[in-house]
Amino acid sequence: MASASATATLLKPNPPPHKPSITASVSPPLPPPRRNHLLRRDFLSLAATSTVLTQSIQFLAPAPASAAEDEEYIKDTSAVISKVRNTLSMAKTDPNVADAVAELREASNSWVAKYRKEKALLGKTSFRDIYSALNAVSGHYVSFGPTAPIPAKRKARILEEMETAEKALSRGR
């Protein structure tokens, strides 16, 4: 028999590794990291803001019209008013009516083309009334021809607009 002098060793399991304990603490969220480049949306918002500011500054402070421009506007407008009055006062049997209407249309088209784009004039009473009267006269002659007489009601309204435009023009409006 063999000698049983062997000793039995007891194996002890290793202790579990130490786990750190997690404690809950409330801390403010971290700010997003700073970026050194602009994103597309940042660029677009800056561009939109600058565009709006530029347009609002132009709207708030329009460039003042010079005295020479005002004198030229008054002179041109008075000439158009006199042409309209002369053309409307012609008899329908007058042989020069067609030529007068052609001259009036040319003068009114050049007046409208010159002053319609002037933003400083768009709010003026004289501009509004003359523009309306010229539109009525031109519309009539385009629709009915250069020799067709203007109806009495339309003629009265056009002449009234011319009169109010002249008053406003004399007052600088």
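**Entry 1: H3 and H4**

I started with helix H3 (residues 97–115) and helix H4 (residues 125–144), which pack at an angle of about 140 degrees with axes 10 Å apart. Only angles over 145 degrees count as roughly antiparallel, so H3 is oblique to H4. I noted that the model is a predicted one. H3 passes H4 in a left-handed crossing.

Next I listed who touches whom. From H3, the contact is made by Val101, Leu104, Arg105, Ser108, Trp111, Val112 and Tyr115. From H4 come Phe127, Ile130, Tyr131, Leu134, Val137, Ser138, Tyr141 and Val142. Sorted by class, this contact has twelve nonpolar residues, two polar ones and one charged one.

**Entry 2: H4 and H5**

Then I turned to the contact of H4 with helix H5 (residues 152–170); their axes come within 8 Å and cross at roughly 155 degrees. That angle makes H4 roughly antiparallel to H5. I wrote down a left-handed crossing for H4 and H5 too.

Which residues of H4 meet H5? I found Thr125, Ser126, Asp129, Ile130, Ser132, Ala133, Ala136, Val137, His140 and Phe144 on the H4 side. Their partners in H5 are Arg154, Arg157, Ile158, Glu161, Met162, Thr164, Ala165, Ala168 and Leu169. My tally for the contact of H4 with H5 is ten nonpolar, five polar and four charged residues.

**Entry 3: a pocket**

Last, I looked up the second largest pocket, which holds about 150 Å³ of space. How many residues line this pocket? I read 13, and Leu88, Met90, Tyr141, Pro149 and Ile150 lie nearest its centre. The lining of the second largest pocket divides into nine nonpolar, two polar and two charged residues.

How values were computed:
Residues numbered from 1 in each chain as written. Predicted model: local features only at pLDDT ≥ 70, side-chain atom pairs only at ≥ 80, totals over all residues. Heavy atoms only, no water. 1 Å grid on protein atoms, 1.4 Å probe; cavity = no way out; pocket = protein on both sides within 12 Å on 5 of 7 lines; lining within 4 Å. Points joined across faces, edges and corners; volume = space filled by probe spheres on them. Nonpolar A, V, L, I, M, F, W, Y, C, P; charged D, E, K, R; others polar. Axes fitted to C-alpha atoms, helices over the stretch in contact; angles between N-to-C directions. Helix = DSSP H or I, 4+ residues; strand = E, 2+ residues; numbered from the N terminus. Parallel < 35°, antiparallel > 145°, perpendicular 65-115°, else oblique. Left-handed = near helix turned anticlockwise from the far one by under 90°. Contact = heavy atoms within 4.5 Å.
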